[in-house]
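This briefing walks through one protein structure, topic by topic, for a reader who is new to such models. Please keep the sequence and the 3D view at hand while reading.

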Amino acid sequence: MKVLFIVIGIIILIATIIALRVFFGLGHPGNAAPYALRRQLPRDNSPLRGKTILCLGSSISSGFSSGGVSFLDYLARIDGCRIIQETVSATTLADRGYFSYLKRLRRRMARMPQAPDCFLCQLSTNDATFRSVPGRVSRCFRAEDFDVSTTVGGMEAVLAMVREKWDCPIVFYTTARYDNPRYHKLVNLLVDLQEKWDFALLDLWHDNAFNALSPEERALYMNDAIHPTRAGYLLWWLPQFQKILAEVLSKELSPKAGAAASAFCWHFAPAVLVAFAQNCIFFSRKFPHGFLQNELVFAFSLWYNNGWSIIDKEAV
């Protein structure tokens, strides 16, 4: 009997080790010491330093096969971002339970009134794995009008909620290409959504150069068909996110500067016109200096001041 218990214990131990290796990447070369988070040096001149980024995602974003370390942790460590993770494994964009994307986002919004600098959202592979109804792009823009039982309806509700509550830059991202036609369909629907909602899209699925890995690179970067290792996040995924986030956040800053410059240019010209009108009317012999002069100058001034106040508010 003791021998039987010992044998059963050994079998359970071996099965546990195999499960940790297969599912969680324990002992994988891509999760070796050189790729450890603490060994990465900060980049002091990163344009992302100090930015608050909220990420809504599932296992790929939480580092399922890399010891809980993903590209988000490298962004925080290397680029100095403040990362807020709403990442839970096996969750979907379709509203299917307490931990769905939508329900977690609502709970996060309830305790986070201040907008992040950027909102990241992963196109979940679980919607394909669990066969969520894909849905279709609607003509609506209000969160309550979407069929959130579908993947597309869930995505549109997320977009509407973030736009209404935070009005911050939005970046959706896909996973790298793998053999799943259902996920491929969701990626194409996400591309259609981008045309409607005008958000930034990091489409890793359709990026041929990104997916052109050698067999050695793929073995190092991926623990399975879906989940990267630490090496995959650090060397393969991180540069893509650094690039798109820098682009999106730089665009977010430029409209204010552009608005200020536009306000200056467009309102310098009316100011000159007001002064010119005053001088022309004053020196002209065709018009009296009284009523007509005052009315014309008043009209110019009213147009100038009213227009400036409107643009000035937009530029702030």
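This is a predicted model: local features need pLDDT of at least 70, side-chain atom pairs count only at pLDDT 80 or more; totals for chains, interfaces and linings use all residues.

**A buried threonine, and the protein around it**

Threonine 92 has a relative accessibility of 5%, and because buried means under 20% relative accessible area, this residue counts as buried.

**Threonine 92 and its surroundings**

- Threonine 92 is placed in the loop that runs between strand S2 and helix H4.
- A polar atom in the side chain of threonine 92 lies 2.7 Å from the backbone oxygen of alanine 94.
- When residues up to four places away in sequence are not counted, threonine 92 touches Ser100, Tyr101, Ser124, Asn126, Asp127, Phe130 and Ser132.

**The protein as a whole**

- The protein contains 11 helices and 5 strands, and of its 316 residues, 44% count as buried.

**The largest nonpolar core**

- The largest nonpolar core has 74 residues, and the members that touch the most other members are Phe119 and Leu120.
- Helix H10, which covers residues 230–283, gives the most to this core, with 11 residues.
- Leaving aside residues up to four places away in sequence, leucine 120 touches Ile53, Leu54, Cys55, Leu56, Phe71, Leu72, Val171, Tyr173, Phe241 and Leu245.

- Strand S3 is mostly covered, since 5 of its 5 residues are buried.
- On one side of S3 are Cys118, Leu120 and Gln122, on the other are Phe119 and Cys121, and with all of these buried, both faces of the strand are covered.
- Strands S1 and S3 run parallel and are joined by 4 bridges, and cysteine 55 stands opposite leucine 120 of S3.
- Strands S3 and S4 also run parallel and are joined by 4 bridges, and the bridge partner that cysteine 121 has in S4 is phenylalanine 172.

**Helix H4, with a buried side**

- In helix H4, which spans residues 101–110, the buried residues are Tyr101, Leu102, Arg104, Leu105, Arg108 and Met109.
- As a general rule, an α-helix has 3.6 residues a turn, so residues three or four places apart point the same way.
- The cover over the buried residues of H4 includes strand S1 (52–57), strand S2 (82–87), strand S3 (118–122) and helix H6 (151–165).

**Helix H3 and the residue after it**

- Helix H3, made of residues 71–79, is mostly covered, with 7 of its 9 residues buried.
- The buried residues of H3 are Phe71, Leu72, Asp73, Tyr74, Leu75, Ile78 and Asp79.
- Glycine 80, which comes just after H3, takes a positive phi of about 70°.

- Glycine 68 is found in the loop between helix H2 (59–62) and helix H3, and with a relative accessible area of 42% it is partly exposed.
- Not counting residues up to four places away in sequence, glycine 68 touches Ser62, Gly63 and Asp73.
- Although glycine 68 and arginine 230 are 162 residues apart in sequence, they are 9.2 Å apart in space, taken from C-alpha to C-alpha.

**Two loop aspartates with positive phi**

- Aspartate 167 lies in the loop between helix H6 and strand S4 (170–173), and its phi is near 50°, which is a positive value in a residue other than glycine.
- The relative accessibility of aspartate 167 is 55%, and because exposed means over 50%, aspartate 167 counts as exposed.
- Aspartate 198 is in the loop between helix H7 (181–197) and strand S5 (200–202), and its phi, near 60°, is likewise a positive value in a residue other than glycine.
- Aspartate 198 counts as exposed too, with a relative accessibility of 66%.

Conventions: Residues are numbered from 1 along each chain as its sequence is written. Side-chain values use heavy atoms; hydrogens and water are left out. Buried means under 20% relative accessible area, exposed over 50%, partly exposed in between (1.4 Å probe, protein chains only). A nonpolar core is a set of buried Ala, Val, Leu, Ile, Met, Phe, Trp, Tyr and Cys residues joined through side-chain atoms within 4.5 Å. Contact means heavy atoms within 4.5 Å. A polar contact is a pair of N or O atoms within 3.5 Å; within protein, one must be able to donate a hydrogen and the other to accept it, and residues adjacent in sequence count only if both atoms are side-chain atoms. Two strands pair if DSSP finds at least two bridges between them.
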